[in-house]
Amino acid sequence: MKTTSTLVLCSSLAFTTHAEVLDLSGLQSWDLDGDLSNETRIFHPTGGAPFNVILTIDYDITIETVGSSWLSEVVIRFGNSDGTFHGFWPDTFTPGLGNDFAGTQRYVGSFQTDIHLNPDGEFHVSLFESFDDVSDAVDAVLLDGSMIRLGYFIPAPSATMLLGMGGLLAARRRR
Ligand SMILES: [Ca+2]
Ligand SMILES: [Ca+2]
């Protein structure tokens, strides 16, 4: 019994789960992927704590298209500071997938991801168009209230030490 409680205590201390809401209101989608006109918003979850791993993203996003651009053309890219991403899950997300028409639409949902942040702790959100209607002009914008909620954990620096202590305690009890 005692061994079990020690292990549970250690695992809860080793990995701390967090959640944080990021405001995406006003972010604009301009041109094709890689175009310098596109916007990137940079966040510092938990004050820029390093090595966060983002595991889930909840979203509540309202897209308003410009002219004849379609809702389905807005692509969101999530990533770390140098774009290396390091995860296994896709780093791009198309909220209006299948909505091949212009207009204003709200999208709410959640998905799993796997984004490994760098030592600087930066989390980047970029928008780009899968089809550019007007070069060097805005194709769509995220309206007020658009947000994402990150679910992630931080591997605690003292995890190894705590697990080592757990092993030591278990060893002592066996004597
Ligand atoms: Ca454009
Ligand atoms: Ca477009």
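**Note on the predicted fold: strand pairing, core and confidence**

1. Strand β4 and strand β7 (residues 104–116) run antiparallel and are joined by eleven bridges. Within this pairing, Thr62 lies opposite Arg106 of β7. The model under review is a predicted one, and the remarks below should be read accordingly.

2. As to the overall architecture, the chain contains three helices and ten strands. Of the 175 residues, 23% count as buried.

3. A separate point concerns the open sheet of four strands, whose order is β3-β8-β5-β6 with antiparallel pairing. Its edge strands are β3 and β6 (92–93), each of which pairs on one side only. Strand β3 (residues 40–43) is joined to β8 by four bridges, and Thr40 stands across from Ser126 in β8. Strand β5 (residues 74–79) is joined to β8 by six bridges, with Ile76 bridged to Leu127. Two bridges, also antiparallel, hold β5 and β6 as a pair; one residue pair to inspect there is Arg77 and its bridge partner in β6, Thr92.

4. The largest nonpolar core comprises 24 residues, of which Ile63, Val74 and Leu142 touch the most other members. The elements giving two or more residues to this core are β4 (53–65), β5, β8, β9 (140–142) and β10. In general, nonpolar side chains tend to be buried together in soluble globular proteins. Beyond four places in sequence, Val74 touches Ser29, Ile63, Pro95, Gly96, Leu127, Glu129 and Ala140.

5. Arg149 may be examined in its local setting. Arg149 belongs to strand β10 (residues 147–155) and is partly exposed, because 14 other C-beta atoms lie within 10 Å; a buried residue would need 20 or more, an exposed one 12 or fewer. Leaving aside residues up to four places away in sequence, Arg149 touches Ala19, Val21 and Asp58. The C-alpha atoms of Arg149 and Ser110 are 9.0 Å apart, although the two residues are separated by 39 positions along the chain.

6. On confidence, the mean pLDDT of the chain is 84, and 79% of the residues reach 70 or more. Two segments call for caution. Over residues 1–13 pLDDT stays under 50, and the model has twelve contacts beyond four places in sequence for this segment. Over residues 164–171 pLDDT likewise stays under 50, with six such contacts in the model.

Definitions and conventions: Residues are numbered from 1 along each chain as its sequence is written. Chains are lettered from A and ligands numbered from 1 in the order in which they are written. This is a predicted model: local features need pLDDT of at least 70, side-chain atom pairs count only at pLDDT 80 or more; totals for chains, interfaces and linings use all residues. Two strands pair if DSSP finds at least two bridges between them. Two residues are in contact if their C-beta atoms, placed from the backbone, lie within 7 Å. pLDDT is the predictor's confidence in each residue, from 0 to 100. A nonpolar core is a set of buried Ala, Val, Leu, Ile, Met, Phe, Trp, Tyr and Cys residues joined through C-beta atoms within 7 Å.
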